[in-house]
Amino acid sequence: MRFRVCFVLLAIAFLQQTAIAQESLGDAARRARMQKPAPAPGARVYDNETIPSRGGISSASVSGMSTPANTTETSSAAEGKAASPKPADATTSEEDNKKAADEWKSKIDDQKNEISRLERELNVLQREAQIKAAVFYADAGTQLRDSKKYADDVRQNQADTQSKQQALTDAKQKLSDLEDQSRKAGHPQ
């Protein structure tokens, strides 16, 4: 009996010692962060501490980093600004940029409205099909009299639903393309 009690006490002491000796995950992460080599000078590293919590990352906020598509646009824009220092031209350019941004925004908003309309129509078609099925299966007499008509209605509803789903998919793709074109034109939404 004493042997068992001693064995249990030793096992508990051993488990406590290993639990105390184990390092927490947070401590291990801190130690790994301290041991990580510093990034090269001029290189921008994004991690959870440096990513802004609101607004995202814009090309204006990244110093020294640009995509190849933006490089030609920014260099030609910089040449244009250097060549014509007139304030009237800058105002006109700002107005043109605002007009272009408004046009992109209106195109994107129109496409979003179209997607919303298609989603509503698809939802209505699906609900109507459910109601028709419930009514048909609730009445045995209707099942016997109008089974061919019901089957034709179901096929027609399925065809309509598929065409609406395809139109919705196409509209979402068009929205994605418009947003990409807007970003490439320099007007992020």
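A charge sits over a ring if NZ of Lys or CZ of Arg is within 6 Å of the ring centre and within 35 degrees of the ring normal. Select Lys 107 and Trp 104: Lys 107 lies over the face of the Trp 104 ring, 4.8 Å from the ring centre.

The model is predicted, so local features need pLDDT of at least 70 and side-chain atom pairs count only at pLDDT 80 or more, while totals for chains, interfaces and linings use all residues. Residues are numbered from 1 along each chain as its sequence is written, and side-chain values use heavy atoms, with hydrogens and water left out.

**Aromatic cluster**

Next, select Phe 136, Tyr 137 and Tyr 150, which ring pairs link into a cluster. Rings of Phe, Tyr and Trp (its six-membered ring) pair if their centres lie within 6.5 Å; planes under 30 degrees apart are stacked, over 60 edge-to-face and the rest tilted. The whole structure has 3 aromatic pairs. One of them, Phe 136 with Tyr 137, is edge-to-face, at 5.2 Å centre to centre and 75° between the planes. Phe 136 and Tyr 150 are stacked, because their ring centres are 3.9 Å apart and their planes are at 0°. Phe 136 belongs to helix H4 (residues 87–138) and Tyr 150 to helix H6 (residues 147–184), so this pair ties together parts 14 residues apart in sequence. Helices (H or I, at least four residues) are DSSP runs numbered from the N terminus.

Colour by accessibility here: buried means under 20% relative accessible area, exposed over 50%, and partly exposed in between (1.4 Å probe, protein chains only). Phe 136 is buried at 9%, whereas Tyr 137 is exposed at 55%. Tyr 150 is buried, as is Phe 136.

**Salt bridges**

The structure holds 9 salt bridges, each a side-chain nitrogen of Lys or Arg within 4 Å of a carboxyl oxygen of Asp or Glu. In helix H4, select Lys 105 and Asp 109, which lie 4 residues apart, about one turn of the helix; their closest N and O atoms are 3.5 Å apart. Further along, Arg 117 and Glu 114 meet at 2.4 Å, N to O. Both Arg 117 and Glu 114 are partly exposed, each at 31%.

Finally, move to helix H6, where Lys 149 and Asp 153 are 4 residues apart and form a salt bridge with closest N and O atoms at 3.3 Å. Lys 149 is exposed at 53%, while Asp 153 is partly exposed at 32%.

Definitions and conventions
Helix = DSSP H or I, 4+ residues; strand = E, 2+ residues; numbered from the N terminus.
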